Amino acid sequence: MLEETGPEWLSEEVKTGTTIIAIEFDGGVVLGSDSRVSAGASVVNRVMNKLSPLHDKIYCALSGSAADAQTIAEIVNYQLDVHSIEIGEDPQVRSAATLVRNISYKYKEELSAHLIVAGWDRRDGGQVFATLNGLLTRQPFAVGGSGSSYVYGFVDAEYRRGIRKEECQQFVVNTLTLAMNRDGSSGGVAYVVTIDEHGTEEKVVLGNQLPTFFDQ
Amino acid sequence: MATLTAVRPAFGGFSFDNCKRNAVLEVEASKVGCSVPAARKTGTTICGVVFKDGVVLGADTRATEGMIVADKNCSKIHYISPNIYCCGAGTAADTEMTTQLISSNLELHSLSTGRLPRVATANRMLKQMLFRYQGYIGAALVLGGVDCNGPHLYSIYPHGSTDKLPYVTMGSGSLAAMAVFEDRYKPDMEEDAAKQLVRDAIAAGIFNDLGSGSNIDLCVITKSKVNYIRPHDEANKKGVRVTELEALKL
């Protein structure tokens, strides 16, 4: 039967599906995300980097509607640029998170995106902020996106305070892998960004380099 | 401190009232037994690929109005600037007017800066406009061009999200075309290989998707020149009519 409804990508909004995670370690933060962008049942981009820079040492992780999340990240990037010129130094992570929160709260009814903001600043070191639905809360770690539901238990059980950088990166990769295995809307490759006082390091972990678990 | 908006009561902006009215009209019309006129869609297979010296954009040439082919040879590759072209899928009027508007604004911008426009600028302008209209402008675009930073290719969705990739497909035939790309794409291809790949991807869309058909148009953009090849390949030639006598002889 010929359908009048047309192609999916016209009627279905492009969502990032997603698993995103940010964890604070001793001296900085590690952010991680998968790379799948879906519109209905088709994947429109299998290599999207959902870790978007807001400033040199502040990144945000995108989830929810792709258009809404990208737009918020770009607007806040611009606002932070202006802000950091006005104060004459690098902005605080809390400022970036507040700017994101202000947009998410004001346009709460119209937007459907969740951004996790994480970074490093001189004053408070590594910080992770959740901005879901317009709240602003600092947390030692935050997970988000459709795949996060599958890994809340894992993260709650395995997280320890004061872990070192390499351990933290491995923890993030493990969590992403477990979520990508179970969630249909998450997949592709894993992007990992590590931010500390020395700088920002971006890494891609390809599909065949991800750790394997029980069912593989 | 940087603030999101100046303190001012919200007025102006885009009014979505007509969309509600249209929904009501659709219900009323079906009660009486008639149907609202269908917007002409381009159905479509469009795609683009980045090769060694630039980008190749490709499109089919069928425009549909519901189940009828409204135009057998429409042009879906639109001019944005001398070094940037854009393929459009979705509602034909939306893609046409959106690309013309951004082309005009980009020319003014280019005169103001005194430089050749960049693909990233066109991308920003398009995505900000489409986001402002919250997906009601049904334009899905493949934007490609060569600027001072090299060749670039973007896909832009009706709600305003964009992806920057080495190869993209859009339209109802996008799955068929993407299958060809995923199989045969290699980075840094030569121009002829890239043209052949795009031609094959569009052909896959034409033969396997009902919303795409007719011929294949190509547009090859490099630093020095733009080659708008219309048509590149007449995949569906109309047969020659014969009289009954001649048909009996065949």
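## Contacts and sequence separation

A contact here means heavy atoms within 4.5 Å. In chain B of this predicted model, 62% of the contacts between residues at least 6 apart in sequence join residues at least 24 apart. For chain A, residues 24 or more positions apart account for 66% of the contacts with a separation of 6 or more.

## Chain A: fold and dimensions

The secondary structure of chain A consists of five helices and 12 strands. Its radius of gyration is 17 Å, close to the 17 Å that the globule rule gives for 216 residues, so chain A is as compact as a globular protein of that length. Taken along the principal axes, the box filled by the C-alpha atoms of chain A is roughly 65 × 40 × 25 Å.

Of the 216 residues in chain A, 53% are buried. The chain exposes about 10000 Å², and carbon and sulfur atoms supply 48% of that area.

## Chain B: fold and dimensions

Chain B has six helices and 12 strands, and its C-alpha atoms fill a box of roughly 85 × 60 × 30 Å along the principal axes. Buried residues make up 47% of the 250 residues of chain B.

The accessible surface of chain B amounts to about 13200 Å², with 55% of it belonging to carbon and sulfur atoms. As for charge, chain B has 27 positive and 25 negative groups, whose mean positions lie 4 Å apart.

## Nonpolar cores

The largest nonpolar core holds 47 residues and has members from chain A as well as from chain B; those that touch the most other members are A:L54, A:I72, A:V76, A:L115, A:V117, B:L57 and B:V142. Helix 2 of chain A, which spans residues 66–87, contributes the largest share of this core, namely seven residues.

Another core, of 22 residues, lies apart from the largest one, and its members include B:C47, B:Y167, B:I202 and B:V220.

## Backbone exceptions

Most residues other than glycine have a negative phi, and most peptide bonds are trans.

In chain A, A:N133 has a positive phi of about 60° although it is not a glycine. A:N133 sits in the loop that connects strand 8 (125–130) with strand 9 (137–139) of chain A. Because exposed means over 50% relative accessible area, A:N133, at 55% relative accessibility, counts as exposed.

In chain B, B:Q134 likewise is not a glycine, yet has a positive phi, of about 50°. The loop in which B:Q134 is found runs between helix 3 (119–132) and strand 7 (139–147) of chain B. With a relative accessibility of 33%, B:Q134 counts as partly exposed, since that class takes in values between the buried limit of 20% and the exposed limit of 50%.

Definitions and conventions. Residues numbered from 1 in each chain as written. Chains lettered and ligands numbered in written order. Predicted model: local features only at pLDDT ≥ 70, side-chain atom pairs only at ≥ 80, totals over all residues. Heavy atoms only, no water. Helix = DSSP H or I, 4+ residues; strand = E, 2+ residues; numbered from the N terminus. Rg over C-alpha atoms; globule rule 2.2 N^0.38 Å. Buried < 20%, exposed > 50% of the residue type's maximum accessible area, 1.4 Å probe, protein only. Areas by Shrake-Rupley, 256 points an atom, 1.4 Å probe, with all protein chains shown as cover. Core = buried A, V, L, I, M, F, W, Y, C linked by side-chain atoms within 4.5 Å. Lys, Arg positive; Asp, Glu negative; His and termini not counted. Charge placed at Lys NZ, Arg CZ, Asp CG, Glu CD.
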